[in-house]
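Here is a walk through one protein chain, taken in stages. Keep the viewer open and follow along as we go from helix pairs to the overall picture.

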Amino acid sequence: MEDSQGDEEDLEELYQSILNIYEDTLLILVSKDLYKLQILKEMAVWMSEDSSYLQERIMVIITRVLNFASRKVRGYATVDAPCLGFLAAELSLLCSHTDPAITQQASFGMYHLLCIAKCQMAVEFLPSILQGDKAKIAQSIGQALMPSLLTDFVWSLFMRVSSPHQAFAKEAATILKLTLEFHAYKVTMVSKIVDAIYTKLCEDPSHVMKLDMLRVITLLTRTSPKKVIFQLMDYPVPADNTLILMWHAAGSESAVAPYVLKTTLLILKGKPGEMQESFMDRRRSSLDATNMMPVAASQALCTLLPSCSYKKAVSQFFPQLLMALVFQLFYSSNMATEKEDSLLHPRGQSAGSSRDRHPRGESAGSSHDRHPRGESAENSRDRHPRGESAGSSRDRHPWGTERKEQPGQAPPGQSTGSSQDRHPLGQSAGSSRDRKADGVAIALRPLQGALRAASVRDNVHGVFRGIYARDALRVLLNCSGLQQVDITLKRKNFWNQVSQVLFHLHGIYLVAKTLGECNFPQFPETLHYLYKLSVEGPRRSEDSVITVIFLTELLNKFFKDPFPEEFLVLFRNWVKDSNSEVSKLSLQKIASMAPVINQIGNISSLVLSILDAFLSKDKTVIIRALLTLRRLLNKLDKVTYSSLCTRVASSYCPLMDHNDGGIRSLAIRHFGELLKDMCQYTWMLNAVVLDALVPLILYLEDTETRVVTACKHTLYICASELRWSILHLLMDQYYDFELVVLNICNDIFISHGSYLTDLISDSLGFLRSSRVYLRRASVILIVVDRVLHDDDPVVKDLAKVTHNLLKKVANKLTSSVIKQSFRRLFSFIYMKKWSTECFTTMTLWSRTWRK
C-alpha cells in the first residue's frame with residue numbers, strides 16, 4: 001500500500017517536472033511568436049475531453065503563459081494572434097467548471113486573454129466577474145474581440161453545441177446565445193453558421209439541441225437578416241421540413257419582420273430559371289446554372305405571412321408584396337410560353353429581307369402583308385388592328401372579353417370579415433389584438449394545409465414555379481383582410497387557370513380588376529407604389545406590361561377620364577416604350593380618352609407623343625398609333641388642331657411609303673382626312689401636300705386594292721382643295737394612270753411650277769425600289785415623252801404640253817441640280833440592267849439639256 005502510494009507520488013513529481021519544462025518551453029515559444037498560443041487552445045480542448053490528472057496544473061500553465069503574453073503586447077498597436085477567438089471559447093466553458101480551482105484559473109486566463117485582445121491592461125475586466133457569470137463573460141468577450149476573432153469564438157461554441165457531450169453542449173449553447181444577444185452584429189460568418197445548422201438538423205431532425213440551434217437562427221436574423229434570408233432561400237425547391245422550421249425561426253420576431261420582407265422582396269426581383277451571368281468559386285447548395293431563389297422566396301412567404309408577428313409588416317409592405325408576386329406569376333407563365341415558342345418556331349428565321357428596303361430607309365417588312373382582318377381602308381380606319389371596336393377600354397379587357405365566372409365556395413375555414421377589422425397601423429400591442437391575430441392564424445391553417453396539398457400535387461407535374469407564387473398571393477390576400485378578393489377570384493376560376501400559358505396577361509388584368517371591384521382599402525398605398533415603380537422604371541421590359549395593366553385598371557376604377565396630369569405623363573412616355581405591348585396598351589388608353597380630349601391641359605404634348613410610335617419597328621404599334629391619332633383628331637377643337645396639323649401631316653408622309661400595305665393605306669387615307677378637316681387652313685398645308693404627292697401618285701399603281709383606293713380618296717381631296725382638273729379621272733370608269741400623271745403635272749406647273757424639280761428628283765428615288773410597279777410608275781411620271789405618239793389625240797396633246805413645260809423647267813435648272821439628278825440616275829443604271837425605261841429617261845434628260 002505504501003509502495004503504491006509512493007509510486008503515485010513519484011509519478012506526480014514526474015508529471016510536474018514535465019509540465020514545468022513544458023511551461024518554460026511555451027514561454028520561450030510565445031515570446032518569439034504569438035501564433036504559438038494555438039498550443040494553449042489544444043491544451044484546453046484536451047482538458048475538456050479528458051478529466052484525468054493535474055487539470056488544475058494545466059490551467060495554471062495556460063494562465064501564466066497568457067499573463068506573460070499580455071505583458072509582452074502591452075502598448076502594441078495591434079496583435080496578430082488569430083487563435084484568440086478559439087481559445088476564448090474553450091476558456092469560457094471552463095469558467096463554469098465544477099471545480100472552483102479550475103474556474104478561478106480559467107477566469108484569470110480569460111482576463112489575460114482579453115487584455116491581449118485589447119493590447120492593454122483593461123481594468124474593467126475583473127477576474128471575479130468572469131467566474132460563473134455567463135452573461136458577463138459573453139458581454140466582455142463581445143466587447144474585447146474584433147469581428148474576425150468573435151466569429152471564431154461563435155463558430156467554436158457552435159461546434160461544441162453539436163458535440164455529443166451534452167454538458168458542454170448546453171454550456172456552449174447558453175454562452176453562444178448570450179453572445180449573439182449582445183454582439184451578433186459583429187459576426188461575419190453568418191451564412192456558414194446557417195448552413196451548418198441546416199446540415200446538422202437534416203442529419204438528425206430530432207437533435208437534442210435543435211431548439212438552441214433554431215434560436216441561433218433567430219438571433220442572427222436580428223442583425224444580419226439579409227445574410228440569413230439569402231442563405232435560407234438558397235436550398236433546393238421545394239423546401240423540406242427542416243428548412244421550413246428555420247424559416248419560422250428567422251421570422252419569429254415582429255421587430256425583424258420588415259427586414260425579412262425587404263430581403264425577400266429583393267430576392268423576388270429575380271426571374272425564376274434565369275441563367276446566372278457568372279459563377280462563384282464556391283457554389284452553394286442550390287445555385288447551379290439557373291436561379292431558383294425567387295421560387296423559394298414565394299414558398300417562404302406562404303410560411304411567414306400568416307405569422308402573428310408579421311401582421312403589421314404585411315400591412316406596411318402590401319403593395320410591394322402584391323406586385324412582386326404578380327410579377328412572379330407572369331414570369332412563370334411567360335417562361336412556359338417562351339419554351340413552347342422555342343419548340344414551335346425554329347431559330348434564325350428572318351422577319352424580312354433588307355433588300356426590300358426603300359433607299360429612304362423605310363422599315364423592313366413584306367409588301368404582301370395585308371391589313372388586319374383583310375378589310376378595305378375605308379372600313380378599317382376606325383377599327384382596332386385586331387378587329388375590336390374602338391370603344392372605351394374601361395369596360396373591356398385589352399386582350400379579349402372576360403371569362404365567364406364560375407360559381408364556387410370560399411376555402412374551408414376562411415374568414416369573410418370586413419376590412420374594418422384589420423389591425424390599424426401604429427396600434428399599440430394589446431391582448432385583444434393578439435387574440436385577433438391568433439384567430440386569423442388559426443383561420444388560415446386550413447387554407448395553408450390546402451395550399452400545401454395543392455403544391456405537392458402540382459409538383460408531380462413539374463409546374464411548382466408558378467404554384468408557390470399563386471399560393472403566396474392567396475395567403476397575402478387573406479392576411480390583408482381581402483378574403484372577398486380571394487373568393488371572387490376563385491369564383492372566376494382564376495386560381496385554377498393562373499399557371500396556364502395563355503392565361504397570364506388576362507390573369508393579371510383579372511387580379512387588378514377584382515381588387516378595384518372589391519374597393520380594397522390598400523388602394524392609396526398601391527397606387528403610390530405603382531406610380532413610383534413607373535417613374536423609376538422596372539428592371540425588365542415585361543415588368544412594364546404588368547405595371548401598365550395594373551395602373552390602368554386601378555385608375556379606371558377610381559378616377560374619371562381624363563386622368564390627372566402626373567399619370568398622363570406616364571402614358572405619354574409609355575407610347576415610345578421598347579416593349580410593343582406597353583406601347584399598344586398606352587395608345588389604347590389614350591384613344592379611350594378621345595371624348596374628353598379637350599379637357600386635358602396639355603393637349604399638344606399628348607397628341608404629339610403619339611407620333612413617336614410611328615417610328616416603331618412593330619407594325620401593330622404603328623397601326624394602333626394611326627387609329628389612336630385619328631380618334632383624337634376627330635374630337636379635337638379646331639384651334640388646337642390647326643396648330644398641330646402641319647406637324648401631324650408631315651408625320652404621315654414617311655408612312656405612305658411603308659412596306660406594310662395596311663400602314664400605307666391608313667397613312668394615306670388619314671392624310672386625306674386631315675386635309676378635309678383643315679379645309680379652311682389649306683394654305684398651311686400646301687408644302688406638305690406637295691411633298692406627299694410623289695407617293696400618292698406612284699401608289700396608284702399599288703398591287704393592293706386598299707392602297708389604291710386610299711390614294712384615289714386622298715388625291716380626290718387634294719384636287720378638290722387645290723382645284724386641280726383630275727377629279728373625273730379618279731373615277732373608276734375614267735381612270736387612267738398616265739392621264740392622271742399628265743394632268744397633275746400640268747396643274748402643278750400652273751400653280752406651283754418650281755415644285756416640278758422636286759417632283760422629278762423624288763421620283764428618281766423610287767427607281768431603286770424592289771417593287772416593280774413602283775419603278776414602272778416612277779418612270780411614267782418622269783418620262784412623259786413616252787406618250788408623245790399616243791394614238792389618242794387627247795393624250796398626245798397633253799403629252800406635248802407637258803413635255804414643253806418640262807423643257808422650260810429644265811432650262812431654269814442650275815447645273816448643280818442637274819449633276820445631282822444625273823448622279824442619282826447613273827448610280828441606279830450602274831447597279832441595274834439597262835432597260836427601256838432607263839434609256840428613255842436618259843434620252844429625255846440629254847435632249848432637254850442640249851436644248
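Let's start with a helix pair: α13 and α14 cross in a left-handed way. What you're looking at is a predicted model, so keep that in mind throughout. Helix α13 covers residues 257-268 and helix α14 covers residues 293-304, and their axes come within 8 Å at a crossing angle of roughly 145 degrees. On the α13 side, the residues that meet the partner are V260, L261, T264, I267 and L268, while α14 brings M293, P294, A297, S298, L301 and L304. Sort that contact by class and you get nine nonpolar residues, two polar and no charged ones.

The crossing here is left-handed. From α28, the contact draws on I622, L626, L629, R630 and L633; from α29, it draws on Y641, V648, Y652 and L655. This contact of α28 with α29 divides into eight nonpolar residues, no polar ones and one charged.

Next up are helix α30 (residues 661-677) and helix α31 (residues 682-691), which pack at about 160 degrees with 11 Å between their axes. That angle makes α30 roughly antiparallel to α31. Once again the word for the crossing is left-handed, as α30 passes α31. F671, L674 and L675 of α30 make the contact with L685, V688 and V689 of α31. Which classes turn up in this contact of α30 with α31? Six nonpolar residues, with no polar and no charged ones.

Where does the chain have a cis peptide bond to look at? Go to the bond from V237 to P238, where omega is near 0 degrees. P238 sits in the loop that links α11 (225-232) and α12 (241-250).

N493 isn't a glycine, yet its phi is positive, about 65 degrees. You'll find N493 in the loop between α20 (483-491) and α21 (494-497). Is N493 buried, exposed or partly exposed? With a relative accessible area of 24%, N493 is partly exposed. N519 also has a positive phi without being a glycine, in this case near 50 degrees. The loop holding N519 runs between α22 (504-517) and α23 (523-536). At a relative accessible area of 48%, N519 is partly exposed.

Two more residues show how parts of the chain come together. M189 lies in the loop between α8 (166-183) and α9 (190-203), and M189 is partly exposed, with a relative accessible area of 24%. Leaving out residues up to four places away in sequence, M189 touches T151 and W155.

Is K41 buried or exposed? Its relative accessible area is 17%, and the cut-off for buried is under 20%, so K41 counts as buried. Setting aside neighbours within four places in sequence, K41 is in contact with F86, L87 and E90. K41 and I62 are 21 residues apart along the chain, with 8.9 Å between their C-alpha atoms.

Finally, zoom out. The secondary structure of the protein chain amounts to 39 helices and two strands. Of its 851 residues, 53% are buried. The chain exposes about 38,600 Å², and carbon and sulfur atoms supply 53% of that area. As for contacts with a separation of 6 or more, 73% of them are between residues 24 or more positions apart.

Terms used: Residues numbered from 1 in each chain as written. Predicted model: local features only at pLDDT ≥ 70, side-chain atom pairs only at ≥ 80, totals over all residues. Heavy atoms only, no water. Axes fitted to C-alpha atoms, helices over the stretch in contact; angles between N-to-C directions. Helix = DSSP H or I, 4+ residues; strand = E, 2+ residues; numbered from the N terminus. Parallel < 35°, antiparallel > 145°, perpendicular 65-115°, else oblique. Left-handed = near helix turned anticlockwise from the far one by under 90°. Contact = heavy atoms within 4.5 Å. Nonpolar A, V, L, I, M, F, W, Y, C, P; charged D, E, K, R; others polar. Buried < 20%, exposed > 50% of the residue type's maximum accessible area, 1.4 Å probe, protein only. Areas by Shrake-Rupley, 256 points an atom, 1.4 Å probe, with all protein chains shown as cover.
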